[in-house]
Amino acid sequence: MNRLETGEIRIGAYSSITINLLPKILGEFKKLYPFITIHLYEGNATELDRWLEEDKIDFGIGTSHNEKWEFELLFENQIVIVMNNAHQLSKINRINLKEIECEEFILPYTNSHLEVHQIFKKEQMQPNIAYRVKGDETIISMVRQNLGISLLAELLLKNDTSGLAIRPLEEDVSRKIGYLIHTKKHLQTPAILKMLDFIKEWMNNNKCL
């Protein structure tokens, strides 16, 4: 292992990844490779696509929505219902989608949570949309104020959940998170390959997300 190895790595990732996973991963990686410089970009699915196309990042960590990029699965994250802890649905342990159809809903935009929109499309549901919001923390804050309920990836709810009730769906719906790599453009450097291998190993050793 060459601790003196140098290089640069440019990573794009969803906010749930940059907040909840990458600080731990990068902290351990930098102990092994202190002279590798890391550039971290936080963005949604549309932004990750654009950054890969423009060669602004070496790889992304997100969900695969098209066939443009090589995708390698790292883990799956459940989609859950989140609501104010005084909401009437908080008394139910597992919630059927039909039970939320008439509830006031805080809907994330497609480019940040495509899976949520796919759920409604698959079930042929028309949610009662009270707000459309870009920004995970804003959605959580609005739910906490009882302005509506929402569907979010469980990883977004790993920190402060005060005032919230989080319930699983009866339907098994998950968000598949993995590497997004533009293989036609990128000949991966040794530094990038080390990072890809390190993240994969870290995820295998920390399966209890």
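## Exercises on a predicted model

The accessible surface of the protein comes to about 10800 Å², and 47% of this belongs to carbon and sulfur atoms; areas come from the Shrake-Rupley method with a 1.4 Å probe, and for residues only the protein chains shown count as cover. The model is predicted: local features need pLDDT of at least 70, side-chain atom pairs count only at pLDDT 80 or more, and totals for chains, interfaces and linings use all residues. Residues are numbered from 1 along each chain as its sequence is written, and side-chain values use heavy atoms, with hydrogens and water left out.

### Exercise 1: overall form

Compare the radius of gyration of the protein with that of a compact globule.

Step 1. The radius is taken over C-alpha atoms, and the globule rule is 2.2 Å times the number of residues to the power 0.38.

Step 2. For 209 residues the rule gives a value near 17 Å; the protein has 19 Å, which agrees.

Step 3. Along the principal axes, the C-alpha atoms fill a box of roughly 55 × 30 × 25 Å.

### Exercise 2: strand β5

State whether strand β5 is largely enclosed or open, and find its pairing partner.

Step 1. The secondary structure comes to six helices and nine strands. These are DSSP runs numbered from the N terminus: helices are H or I with at least four residues, strands are E with at least two.

Step 2. Buried means under 20% relative accessible area, exposed over 50%, and partly exposed in between (1.4 Å probe, protein chains only).

Step 3. In β5 (residues 104-108), four of the five residues are buried, so the strand is largely enclosed by the rest of the structure.

Step 4. Strands pair if DSSP finds at least two bridges between them. β5 is joined to β6 (residues 128-133) by five bridges in the parallel sense, and leucine 107 stands opposite arginine 132 in β6.

### Exercise 3: two residues

Classify histidine 87 and asparagine 204 as buried, partly exposed or exposed.

Step 1. Histidine 87 lies in the loop between β4 (70-84) and β5. Its relative accessibility is 11%, so histidine 87 counts as buried.

Step 2. Leaving aside residues up to four places away in sequence, histidine 87 touches Glu103, Asn146 and Ile149; contact means heavy atoms within 4.5 Å.

Step 3. Asparagine 204 belongs to helix α6 (residues 190-205). With a relative accessible area of 42%, asparagine 204 is partly exposed.

Step 4. The C-alpha atoms of asparagine 204 and glutamate 104 are separated by 38 Å, with the two residues 100 apart along the chain.
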